[in-house]
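Please consider the structure shown below. The questions that follow concern the terms used to describe it.

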Amino acid sequence: MGFKAMFGRFGAAAIRTYIRVVYHPVCVDLPPEDGALIYVANHTSYLDGLVMLTALAKRKPYALAAKDWFDKKLCGPVFTAARCIPLNRFGLDTSWIRTASEKLREGSGVIVFPEGHTVRECGPGEFKPGFVMLSKMTGAGIVCAHHGEFRPFRKNRVYFGPAGRAYSGPMTAEALSIAGEEYRQAVILLGERAEE
């Protein structure tokens, strides 16, 4: 194992420990189904992917993360070891779909933040429908999740909806957009339940 890989594994382990101790993420109503599932969540901070990966650590999923992080000298090996998949937010990037499809076909889950950027106010923004297309291509079911902004030194809850079925509708832009909005509304409902 090379130095970069060793550094990445050490860094990823340190981050997981830090998140467990400082943010203490807890899953609420996590469906018992495991394996090739697409977890779709709102995006409120840069910590979301790492906290979700830690919350779901026993299931060993992967998470989509902005390619910008992988381009940084020290961050790249850590994000790779932490089971993140790079996504270029600027331009037509399809490599993430191929990589995520491979992971799903191998039986691993994939965490997606369809907003594509952090939205802290007014609830989840528009959901880009790439995850719907990914579900159609792989047959992976979609599970909605909602969390508030993660705050240090308190129990941070991630609320999950039931394990959904794979998207089986048409692959037209309009149909994918409608499906994306339906999942966005499901995430909003989870957020409303979390506030009760």
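**Terms and their grounds**

Q: Why is K60 called exposed?
A: The relative accessible area of K60 is 53%. Exposed means over 50%, buried under 20%, and partly exposed in between (1.4 Å probe, protein chains only). K60 is therefore exposed.

This is a predicted model, in which local features need pLDDT of at least 70, side-chain atom pairs count only at pLDDT 80 or more, and totals for chains, interfaces and linings use all residues. Residues are numbered from 1 along each chain as its sequence is written, and side-chain values use heavy atoms, with hydrogens and water left out.

Q: Why are helix 6 and helix 7 called roughly perpendicular?
A: The axes of helix 6 (residues 130-138) and helix 7 (residues 173-195) cross at roughly 105 degrees. Angles of 65 to 115 degrees count as roughly perpendicular, under 35 as roughly parallel, over 145 as roughly antiparallel and the rest as oblique. The two helices are therefore roughly perpendicular to each other.

Q: Which residues of helix 6 and helix 7 meet?
A: F131, V132 and M133 in helix 6 meet L176, A179, G180 and Y183 in helix 7, where contact means heavy atoms within 4.5 Å.

Conventions: Axes are lines fitted to C-alpha atoms, for helices over the stretch in contact, and angles run from 0 to 180 degrees between N-to-C directions. Helices (H or I, at least four residues) and strands (E, at least two) are DSSP runs, numbered from the N terminus.
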